[in-house]
Amino acid sequence: MQIVDTGVLTPSFMDFSLPSEFAKSALYYCPQFGQFICNSDYRIERNGIDQYLLIYINSGSLCIRTDGMTAEAHEGEIALFDCRKPHCYWCPDKVDFYWFHFNGAGSKQYTEYLTERFGLVHEKQPMIFRQRRSGLFRSDFTISDVIYVLKNTEWVLTLSWGSKRIDNKV
């Protein structure tokens with residue numbers, strides 16, 4: 001898939017899938033995912049899209065503004081937010097991150113609950129992302145991995161590594 005966003009560098013990639021009507025109504029689904037390596041020209045600003053976004057920072061940092069909050073996610077941290085609301089995210093210098101949009105099942109409820117409880121950015125990473133840092137992300141990332149992350153995000157944040165709220169009200 002060709003990437004047209006400004007500031008996205010090679011060897012970044014992204015992929016798309018078309019979920020079935022059943023998946024849309026009853027399951028979690030992941031319509032887009034990828035890995036972006038970006039410079040300071042990277043900036044996304046939207047009024048909203050009907051999806052949620054989870055980002056894991058491999059290196060560098062990414063600034064995020066949405067729903068009256070601004071946060072900066074750094075290496076080893078996860079950002080999670082509702083893309084249905086106006087949002088903006090940008091790279092202050094250089095960043096390498098994995099990302100996936102998701103929707104379906106309890107996506108809205110999970111995202112609202114975790115954002116209210118922990119803010120936009122969570123420190124530390126679940127096992128899935130540590131495993132993906134070996135470069136296998138593109139070839140073996142599956143929808144099962146997405147479901148695992150969604151179902152275990154709260155557990156991972158609260159029991160395994162704790163959570164750090166670093167967002168600020170705008």
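Helices here are DSSP runs of H or I with at least four residues, strands are runs of E with at least two, and both are numbered from the N terminus. The model is predicted, so local features need pLDDT of at least 70 and side-chain atom pairs count only at pLDDT 80 or more, while totals for chains, interfaces and linings use all residues. Residues are numbered from 1 along each chain as its sequence is written, and side-chain values use heavy atoms, with hydrogens and water left out.

Charged pairs come first. Side chains of opposite charge can pair when their charged atoms come close. A salt bridge is counted where a side-chain nitrogen of Lys or Arg lies within 4 Å of a carboxyl oxygen of Asp or Glu. Five salt bridges meet this rule.

One of them joins Lys24 to Glu21, with 3.6 Å between the closest N and O atoms. Both residues belong to helix H1 (residues 21-26), where Lys24 and Glu21 are three residues apart, about one turn of the helix. For accessibility, buried means under 20% relative accessible area, exposed means over 50%, and partly exposed covers what lies in between, with a 1.4 Å probe and protein chains only. On this scale Glu21 is exposed at 58%, whereas Lys24 is partly exposed at 39%.

Helix H2 (residues 107-118) also holds such a pair. Glu112 forms a salt bridge with Lys108, and their closest N and O atoms are 3.2 Å apart. The two are four residues apart in the helix, which means that about one helical turn separates Glu112 from Lys108. Glu112 is partly exposed, with a relative accessibility of 29%, and Lys108 is partly exposed at 35%.

A further salt bridge links Glu45 and Arg43, with the closest N and O atoms at 3.4 Å. Glu45 is exposed, its relative accessible area being 58%, while Arg43 is partly exposed at 42%. Arg43 also lies over the face of Trp90, at 5.1 Å from the ring centre. For a charge to sit over a ring, NZ of Lys or CZ of Arg must be within 6 Å of the ring centre and within 35 degrees of the ring normal.

The aromatic side chains form another set of pairs. Rings of Phe, Tyr and Trp (its six-membered ring) pair if their centres lie within 6.5 Å; planes under 30 degrees apart count as stacked, over 60 as edge-to-face, and the rest as tilted. The structure has 11 aromatic pairs. Phe36 and Tyr42 are both buried. Tyr42 also pairs with Phe97: the ring centres are 6.0 Å apart and the planes stand at 50°, so this pair is tilted. Because Tyr42 lies in the loop between strand S2 (28-38) and strand S3 (43-46) and Phe97 in strand S8, the pair ties together parts that are 55 residues apart in sequence. Phe97, like Tyr42, is buried. Ring pairs link Phe36, Tyr42 and Phe97 with Phe81, Tyr89 and Trp99 into a cluster.

Strand S8 (residues 95-104) also contains Gly104, which is buried at 8% relative accessibility. Apart from its neighbours within four places in sequence, Gly104 is in contact (heavy atoms within 4.5 Å) with Lys24, Leu27, Tyr28 and Tyr29. Gly104 and Gln51 are 53 residues apart in sequence, and their C-alpha atoms are 8.8 Å apart in space.
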